[in-house]
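The structure goes in first, and my entries follow.

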Amino acid sequence: MTPSARIQAAIEILDEVIASARQDGPPADALVTRYFKARRYAGSKDRRAVRELVFRAIRRNGEPPENGRMAMLGLADDDVELANLFDGSPHGPTARTEGEVGGKASLIPEWIQPLLSEHVAPDEWPVLLERAPIDLRVNAARAGRDELIDQFEGAEATRHSPWGLRLPADTRIDDHPAFLKGLVEIQDEGSQLIALACHAPSAGMLLDLCAGAGGKALALAAAVPGAQVIATDTNRARLLQLAPRAERAGAHIEARLLDGGQESAQLAELAGRCDVVLVDAPCSGSGTWRRNPEGRWRLSPDRLDRLVKLQQQLLDIAEPMVKPGGILIYATCSIIRAEGADQARNFLGRHSSWIVQDMPFDGGRADGPGRLLTPAHDATDGFFVARFAKPC
């Protein structure tokens with residue numbers, strides 16, 4: 001592909017990404033992969049170059065541009081070499097017309113800015129969109145971090161998680177022997193700290209209420225091998241990913257698919273029996289914009305309101321599952337107050353006898369009844385986490 005043809009390919013992919021964000025369709029990564037499956041002539045250098053252009057354009061535009069061409073013209077406004085490629089050459093973009101404008105550079109949509117936690121000041125915003133490294137969680141039931149750190153080129157121990165290794169962003173993991181043997185899992189350090197926040201007992205019953213593909217359930221099973229770990233979710237496709245991961249890790253986890261709206265009835269036999277309940281609730285994903293920058297384009301005020309209501313419902317489903325003296329952990333990968341500190345305060349307003357506890361890790365900053373981790377302050381994804389103890 002010529003350099004101008006790469007620009008045109010990025011424009012076409014961005015058109016799909018913008019449409020997919022409006023319709024809550026596939027993510028940008030999947031759309032890039034699909035685009036090149038139908039264009040086998042593109043070499044690996046072409047694919048990498050186009051992908052880089054696509055994500056540069058996404059990161060530059062906090063607000064979704066009208067179309068892919070406008071997004072790329074915005075990049076061209078900042079890069080003379082790119083601007084010169086809008087030359088009308090074969091397979092490339094047509095020449096820029098007089099007065100044709102590019103997308104306006106911004107980091108965070110204007111409507112979201114006043115909703116952010118007070119800790120996420122404008123000087124932290126650029127880091128929210130920087131490329132993230134790859135973090136691994138060492139399977140504590142099978143190996144120690146010191147045993148594995150030399151097996152990964154460029155690996156460093158994570159600052160806060162005792163299980164974490166940090167690798168350069170482009171490191172390939174899926175064919176590494178340690179991954180294939182179940183000694184490591186890909187998991188951001190922030191997610192590892194959520195599991196650490198559970199500070200599970202030496203044995204007991206641990207319920208991961210919104211388990212998804214089971215990353216935190218796997219971390220809990222590794223940290224407390226004698227515990228009974230139950231992972232539940234209403235998303236069949238995501239929960240089905242847990243079984244092969246658990247088998248690779250040698251973990252014993254009970255997975256239960258729940259029907260939305262019937263969770264309390266289907267978990268009735270667990271009421272008052274769980275030592276720890278983790279509510280890693282569905283959220284805006286604003287803490288993971290550095291990995292999924294088009295997430296800014298997918299969020300709307302209506303969607304945020306629906307998520308906040310769902311988070312409240314899930315906390316109220318979880319509350320009776322905790323036994324007296326047990327622990328409830330609430331977490332979201334969000335930097336928005338309504339999903340974090342405000343949600344935790346509201347829980348205490350409904351359940352005033354519950355006790356706020358400190359975190360068993362030193363990362364983050366105090367944010368209401370919990371702690372907030374951010375990329376700029378902690379070098380993790382953005383997470384809010386609160387730990388509540390049920391009175392005996």
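Which residues in α3 meet which residues in α4? Before answering, I note that I am working from a predicted model. I found that L53, R56, A57 and R60 in α3 meet A71, M72, G74, L75, D77 and D78 in α4. Sorting this contact by class, I counted 5 nonpolar, 1 polar and 4 charged residues.

I then looked up the geometry of this pair, since two packed helices are described by the angle between their axes and the distance between the axes. For α3 and helix α4 (residues 68-78) I read an angle of about 85 degrees, with the axes 9 Å apart.

Next entry: α3 and its packing with α1. I looked up helix α1 (residues 3-23) against helix α3 (residues 44-60), and their axes come within 9 Å and cross at roughly 50 degrees, which makes α1 oblique to α3. I noted this crossing as right-handed. On the α1 side the contact is made by R6, I7, A9, A10, I13, L14 and V17, and on the α3 side by K45, D46, A49, V50, L53, V54, A57 and I58. By class I have 12 nonpolar and 3 charged residues here, with no polar ones.

Next entry: the pair α15 and α16. I found helix α15 (residues 301-318) packed with helix α16 (residues 341-350) at an angle of about 45 degrees, their axes being 11 Å apart, and I therefore list α15 and α16 as oblique to each other. The crossing of α15 and α16 is right-handed. From α15 the contact takes in V308, Q311, Q312, L315 and D316, while α16 brings Q343, F347 and R350. I recorded the residues of this contact as 3 nonpolar, 3 polar and 2 charged.

Last entry: the second largest pocket. How much space lies in the second largest pocket? I wrote down about 150 Å³. The second largest pocket is lined by 14 residues, of which A221, A222, G250, A251 and H252 are the closest to its centre. I also checked which element gives the most to this lining, and found helix α10 (residues 215-223), with 3 residues. By class, I have the lining of the second largest pocket as 10 nonpolar, 3 polar and 1 charged.

Definitions and conventions
Residues are numbered from 1 along each chain as its sequence is written. This is a predicted model: local features need pLDDT of at least 70, side-chain atom pairs count only at pLDDT 80 or more; totals for chains, interfaces and linings use all residues. Side-chain values use heavy atoms; hydrogens and water are left out. Axes are lines fitted to C-alpha atoms, for helices over the stretch in contact, and angles run from 0 to 180 degrees between N-to-C directions. Helices (H or I, at least four residues) and strands (E, at least two) are DSSP runs, numbered from the N terminus. Angles under 35 degrees count as roughly parallel, over 145 as roughly antiparallel, 65 to 115 as roughly perpendicular and the rest as oblique. A crossing is left-handed if the near helix is turned anticlockwise from the far one by less than a right angle, and right-handed if clockwise. Contact means heavy atoms within 4.5 Å. Ala, Val, Leu, Ile, Met, Phe, Trp, Tyr, Cys and Pro count as nonpolar, Asp, Glu, Lys and Arg as charged, and the others, Gly among them, as polar. On a 1 Å grid over the protein atoms alone, a cavity is a set of points where a 1.4 Å probe fits but cannot get out, and a pocket is an open set with protein on both sides within 12 Å along at least five of seven lines; lining residues have an atom within 4 Å of a point. Grid points are joined across faces, edges and corners, and a volume is the space filled by probe spheres set on the points.
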